[in-house]
Amino acid sequence: MSEFHRLFIVAAAVVAPALCIAGSKPDIEKGKATFNVMCSVCHSVQETGGANQGPNLLGLVGRKAGSQPDFTMYSEALKSSGITWSKKALDKFLVNPGEKVPGTLMPMQIPDDKMRADVVAYLATLKGEKKHAAEQTDANQAAADETAADHSAADESAADQSAADQTAASN
Ligand code: HEC
């Protein structure tokens, strides 16, 4: 093997993995793991219960900043920022929230591009929305009553029930 070949192989071995990392797609599982460590103390992504230091982040993408109805401690800065959360907007915000929205109470920065892309990809998978207090109680009750039942079925029937309750109440 010539010296050139040897060098080429060494160079390829060093460069190829680096290219792979740079070009790789965001890793949702990694994003979720990072979220659980860095964000879940303050942010719930569950339909019921969970952390409440920060707003629930279910259904975040597509929502206006500062508009999660159950969270009452939003800063004026975030509410009046005019941002609607897209992946791009989240990416810009999470580098340094206080720089993008001066006065925001959101303290956590993710300066690392790859880590941030993973977290944003994970956030974008969080569809649905947090249920309101009355529905939560029903859902918990239904879950307790039917421990064996499939959770989403229990939640749905609880939601139907509370919709029915509301109709009954307003009639
Ligand atoms: C110490 C608590 C805390 C931690 C940790 C935290 N946040 Fe927050 N976050 C908040 C608070 C409080 C707000 C509301 C900010 C405001 O009103 O200015 C917020 C707001 C947000 C918003 C805007 C939500 C909306 O409804 O407009 C996003 C997105 C967000 N945080 C993402 C994250 C991510 C991702 C992480 C982890 C990297 C994280 N946060 C870690 C407390 C926290």
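Reader: What percentage of the residues in the chain are buried?

Author: A residue is buried if 20 or more other C-beta atoms lie within 10 Å of its own, exposed if 12 or fewer, and partly exposed in between, with C-beta atoms placed from the backbone. Here 22% of the 171 residues are buried. This is a predicted model, in which local features need pLDDT of at least 70, side-chain atom pairs count only at pLDDT 80 or more, and totals for chains, interfaces and linings use all residues. Residues are numbered from 1 along each chain as its sequence is written.

Reader: How many helices and strands does the chain have?

Author: Helices (H or I, at least four residues) and strands (E, at least two) are DSSP runs, numbered from the N terminus. The chain has 8 helices and 0 strands.

Reader: Which residues of helix 4 are buried?

Author: An α-helix has 3.6 residues a turn, so residues three or four places apart point the same way. In helix 4, the buried residues are Leu90, Phe93 and Leu94. They lie on the same side of helix 4, because their arc around the axis is only 90° (the arc is that of the directions from the helix axis to the C-beta atoms). Their cover includes helix 5 (97-100) and helix 6.

Reader: At what angle do helix 2 and helix 6 pack?

Author: Axes are lines fitted to C-alpha atoms, for helices over the stretch in contact, and angles run from 0 to 180 degrees between N-to-C directions. Angles under 35 degrees count as roughly parallel, over 145 as roughly antiparallel, 65 to 115 as roughly perpendicular and the rest as oblique. For helix 2 (residues 28-38) and helix 6 (residues 113-123), the angle is about 95° and the axes are 7 Å apart. The two helices are therefore roughly perpendicular to each other.

Reader: Which residues come nearest to the ligand?

Author: A residue is near a molecule if its C-beta atom, placed from the backbone, lies within 6 Å of it. There are 25 residues around the ligand, and Cys39, Cys42, Gly54, Ser75 and Met108 come nearest. Helix 3 (76-79) and helix 4 (87-95) are the elements that give two or more residues to this shell.

Reader: Is Pro69 buried or exposed?

Author: Pro69 counts as exposed because it has 10 C-beta neighbours inside 10 Å. Its place is in the loop between helix 2 and helix 3. From the C-alpha atom of Pro69 to that of Asn56, 13 residues apart along the chain, the separation is 9.4 Å.

Key: Contact = placed C-beta atoms within 7 Å.
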